[in-house]
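Student: I would like to learn how to read a few features of a structure. Can we work through an example together?

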Amino acid sequence: MPKKDIGLGVVSIGFGTWIILYTAAEIKKKSQFWPTVIGWGIVILGALILAMGIFNLIKEKKASAGKTAAKKTDAKEDMRKYLKVAAVVGLLVVFYFVFQYVSYVLATVILIVGTSVLLGYRNWKILIPVAVVMSVVLYLVFWKVFNVHFPAPFY
Amino acid sequence: MLQNILAGFAALFTWENILFLVFGTLVGLIIGALPGLTGNMAIALMVPITYTMSATTGLVFLTAIYCSSIFGGSISAILLGIPGTISSFATTLDGYPMAKQGKAGQALGISTISSVFGGLFSAIVLMFLTTVLAEFALKFGPAEYFAVAVLGLSCIASIGGKSIIKGLLSGFIGLFFAVIGQDPQRGTKRFVFDIHLLSGVTLVAALIGIFGVISVLKSAEKKSKETGPIPEVDHVWIGWKMCKKLLPTWLRGSVIGTIIGIIPGAGTNVATFLAYDTENKFNRSKPKFGEGNPKGVAAPEAANNGVTGGSMVPLLALGVPGNATSALFLGALLLKGLTTGPVLFTEHADVAYSLFLAFFFANIVMAPLGLFLLRYMKKILSIPESLLGGIILAFCMTGVFSISSSSFDVLTCIFFGLLGYAFYKFDIPTAPLIVCLVLGSMAESNLQQALVANKGSYSFLWTHPVALIVLLISLVSFFVPIITKMVKTYRKTRHPEVVAASDLAEDTSDEMDDD
């Protein structure tokens, strides 16, 4: 946790500094007040989080010693989790391109099947029909009822 | 007022509205009951659909989802011991033991009637208090509105969860996203990296990302777990004798829920735990609280549905969303080109009053529909979360695209989903981000207008009495949670056993923005 806070603090300071610098360089003077206040706010809060993170890390280091084996399994488990999340995000990006340039239904079927499999669903006899029916129903409802025109064709 | 109520009735009672009232109740009940899916997520997913409806129909639909999803959360709390929404956490404490004792039907019956009672009570308060407040707010100028926006922003300290600093950081990041686009007074471009950002971040796309996409990302990292056996639900009607016995509990719970709901940032789970604790202090009957006492189900359920109407008061009367749900309603109203605050009552009184009545009738519809549906809940609760994940994402993406047929909105939604996930990993609450994203531009534009009206002087901050009072209240609202937390930390280090009991409520409040 303290390490996370240190990382968060550093990122916040960097982000806040970027807001301040960008505001000074790119935004007209009369409109600078609000973004500058926000930038400084983020920098100050980031510094506080960083300081607290360092303080807690020192405290934690003093209290713990020799728990590396448990930490290694945790790291492996964490990596598996993050890969799954990254894969879901990847599916969203695939959807973004496929629904625009290839086909809405195909994009939606890929998204539903891919996400459900990543989340641990394995009953294909249910999954495939559900994905196809949902995709077609969503397309027809949004197209016919809500008058939405999708960029790519149906199929 | 009577004329407006009649106009509201006329606007509400069309076949289309009644159909969406029933359908919304059904959707809310099912989504609320499924663990992992929240009422806010359901509302966020449905906002784009309301775009093609009339303003009244859209709001009726969302209101029905809101009210019934809060109640729906109690179903899994009682049957599985897992609250469907965080607002049902307190219900688990006595509802689940009742189900284990073979009284699942009774517990569900109590939760249904209690929710309906709390919801109806808060709907009445909503109607009368909002109109009085809105009438008063008609006299407000930019100075007063700036102060009101600051009051809304001040609640970020109380909705910030465990760490106030992280809550504030979340709020500042929300303010940053609110400045993207054009300066409200001068039209200067700020952080416009793409032409689509000229009119700012699309609020609904951001909200769908934060509520919809994030719920799937969270379940992606969880290990799928089997739910235990679901107890049989026998007769759910509790009888008039029990109703009479629970009446004082319902009244206390409803009052607590409604008052807490009105306070920006206080949150549903604060209301439920407060109601539960109050009832525990009043209780003289057996079994004890925590061992399956019917009052332990009635109090939090009356309170959490009491919050529904209460939370709409600041939004409708002043234009300030006090929680994430009211921010979602604001998003829906903005999509229809409507603004909240007194203008809503002067220019669209029929919409405003039909919304009040929708809160009332959504709760009435909830009673028979809820009691009927409870028998089939066993089947609904067995739908695996893993199968729903893909469907939710497909719904999110399609819904976001449908708002303005913009692929850029789809990207915005994915971005905010990722941001929400990063917030979750770093223990940063998302509620302050949402509140500030909505209120940032309101605060800035009113400040600029007030400064122009006062020739660049900040004297309006103390020469306008209403603005001054509201700003003082904002200071109190901002600093009280900070001081309370500091006192608690001090007491914890000195007397750890005294504060241990209250930690449970605090831990759950960290997830309040999920509801």
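Tutor: Start with burial. A residue counts as buried if 20 or more other C-beta atoms lie within 10 Å of its own. Keep in mind that this is a predicted model.

Student: Which residues of H3(B) are buried?

Tutor: Gly39(B), Asn40(B), Met41(B), Ala42(B), Ile43(B), Ala44(B), Leu45(B), Met46(B), Val47(B), Pro48(B), Ile49(B) and Thr50(B). That is 12 of the 12 residues of H3(B), so the helix is largely enclosed by the rest of the structure.

Student: What covers the buried residues of H3(B)?

Tutor: The cover includes five helices of chain B: H2 (15-33), H4 (55-79), H9 (203-221), H14 (324-335) and H18 (385-404).

Student: How far does H3(B) reach from its first C-alpha to its last?

Tutor: Compare the span with the expected one, at 1.5 Å a residue. H3(B) covers residues 39-50 and reaches 16 Å, close to the 16 Å expected.

Student: Now helix packing. How do the axes of H14(B) and H20(B) cross?

Tutor: Look at distance, angle and hand. The axes of H14(B) and H20(B), residues 431-453, come within 9 Å and cross at roughly 35 degrees. The crossing is left-handed.

Student: Which residues make that contact?

Tutor: H14(B) brings Ala324(B), Ala327(B) and Leu330(B). H20(B) brings Ala431(B), Ile434(B), Val435(B) and Val438(B). By type, the contact has seven nonpolar residues, no polar and no charged.

Student: Next, the interface. How many residues of chain B are in contact with chain A?

Tutor: Count each side separately. 41 residues of chain B are in contact with 46 residues of chain A. On the chain B side, H8 (164-179), H9, H18 and H19 (407-425) each supply at least two residues. H18(B) gives the most, with 10 residues. The chain B side divides into 24 nonpolar, 11 polar and six charged residues.

Student: And chain A itself. How many helices and strands does chain A have?

Tutor: Five helices and zero strands.

Student: Is chain A compact or spread out?

Tutor: For chain A the radius is 24 Å, well over the 15 Å that the rule gives for 155 residues, so chain A is more spread out than a compact globule. The C-alpha atoms of chain A fill a box of roughly 55 × 55 × 20 Å along the principal axes. Of the 155 residues, 29% count as buried.

Notes:
Residues numbered from 1 in each chain as written. Chains lettered and ligands numbered in written order. Predicted model: local features only at pLDDT ≥ 70, side-chain atom pairs only at ≥ 80, totals over all residues. Helix = DSSP H or I, 4+ residues; strand = E, 2+ residues; numbered from the N terminus. Expected span 1.5 Å × (residues − 1). Contact = placed C-beta atoms within 7 Å. Nonpolar A, V, L, I, M, F, W, Y, C, P; charged D, E, K, R; others polar. Rg over C-alpha atoms; globule rule 2.2 N^0.38 Å. Axes fitted to C-alpha atoms, helices over the stretch in contact; angles between N-to-C directions. Left-handed = near helix turned anticlockwise from the far one by under 90°.
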